[in-house]
Amino acid sequence: MFVLLVLLAACNEMQYYKQSVQGHLDIIGQATDIEQLLADDSLNPPVREKLLLVLQARAFAVETLRLSVNDSYTEYVDLKRGYVVENLYAAEEFSTQLVTWCYPIIGCASYRGYFDAAMLQRYRDELIEQGYDTYVGHVTAYSTLGWFDDPVLNTFITLPDYRLVGLIFHELAHQQLYIDDDTVFNESFATAVEQAGMELFYADGNDAGQLASYRTYRNRVSQLVAMAAQARQELQDIYQQPLSLQGKREAKARVLGRLDRWYAQMTAKPVAGPDKPVPEEFNNARLGAMGAYHQQVPAFLQILASHQRDFTLFYAHVARLGRLAADERRQCLDLWGEKTRDSDTAIPLACR
């Protein structure tokens, strides 16, 4: 029986990797060179403007942000849908720590990406049956970490200019540096590069409205992240208390219900549909996913500031941190984060 279970698990993994590879190959097989599209007078004018902006952002990423890039974002694909892939997150019923899955080449990550919606739903149902909280995020862009030339997709080409430029910086940052088995490190680093890059991209005063809109957007995200972080801490405290299962569930429901109500007041929920699904309610998995993208951003920005915004030195510094053991790396980033609040915080040599 044990051997049979192992074989079934291996078969399921092979099916998962098959849909991942096939999904990406289907995308790049539809790619058209952007310069070729721009030479076509019949190209939709709004799409033309967005593609030109992408090329501008890409050039800025290379020349000013010193990001190493391949031929990513030089081709365009219209997928005829509103997102490219769905990411599945999971956490135990009484934990905000995300489950991790390990993959060839990229190591372990706290999410599982699917092009095949039916396969995702089957696995999600299994996790729910086992008592896990789950969350599915609809992803408009992803990075292959430089293994392939990532194309521009219709799933994000219609974003406001400030978000489109930020997305290009974010995804190219993943090509610059990616540490196996540390989603928080990778996503926080890319978000920091995005934020710093946006300030520089609009530093000449042109399109000041775009920079103002970006800052407003970041402030709203920061508010949500702070509220989510508070909820995570409350939940962690509840989970450690000597309560009955029912008592923990009721306390958990109160915290999450309050967060759902606050979020509904802060932002209008979109109309449901195949391209704009209604955001799921908060649970351990969704809170964990939010923390992965923002938890260490202040630390990375502080490191960049310590190098007077020299991105080459910044990347070298972050790469050194990436070579540390996971616990030591996390401790270093915690210290850099504290330095944003207290300039007298001492940074040990191993963290510099």
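Which residues form a nonpolar patch on the surface? The model is predicted, with local features requiring pLDDT of at least 70 and side-chain atom pairs pLDDT 80 or more, while totals for chains, interfaces and linings use all residues. Residues are numbered from 1 along each chain as its sequence is written, and side-chain values use heavy atoms, without hydrogens or water.

**View 1. The nonpolar surface patch.** Val21, Leu25, Trp147 and Phe148 form the patch, with about 420 Å² of accessible area together (Shrake-Rupley method, 1.4 Å probe). Patch residues have over 30% relative accessible area and no salt bridge, and nonpolar side chains are joined within 5 Å. Leu25 lies in helix α1 (residues 2–28) (helices are DSSP runs of H or I, at least four residues; strands are runs of E, at least two). Leu25 counts as partly exposed because its relative accessibility is 40% (buried is under 20%, exposed over 50%).

**View 2. The open sheet β6-β3-β7.** This sheet of 3 strands has antiparallel pairing (at least two DSSP bridges per pair). Its edge strands are β6 (112–114) and β7 (133–139). Strand β3 (residues 85–91) is joined to β6 by 3 bridges, and Leu88 stands opposite Arg112 in β6. Helix α4 (residues 117–129) packs on the sheet, touching β3, β6 and β7 (heavy atoms within 4.5 Å).

**View 3. The open sheet β1-β2-β8.** The pairing among these 3 strands is mixed. β1 (32–33) and β8 (152–153) each have a single partner strand, so one side of each lacks a neighbour in the sheet. β1 and β2 (residues 75–77) run antiparallel, joined by 2 bridges; Asp33 stands opposite Glu75 in β2.

Terms used:
Axes fitted to C-alpha atoms, helices over the stretch in contact; angles between N-to-C directions. Patch = residues over 30% accessible without salt bridge, like charges linked within 9 Å, V, L, I, M, F, W, Y side chains within 5 Å. Salt bridge = Lys/Arg side-chain N within 4 Å of Asp/Glu carboxyl O. Buried < 20%, exposed > 50% of the residue type's maximum accessible area, 1.4 Å probe, protein only.
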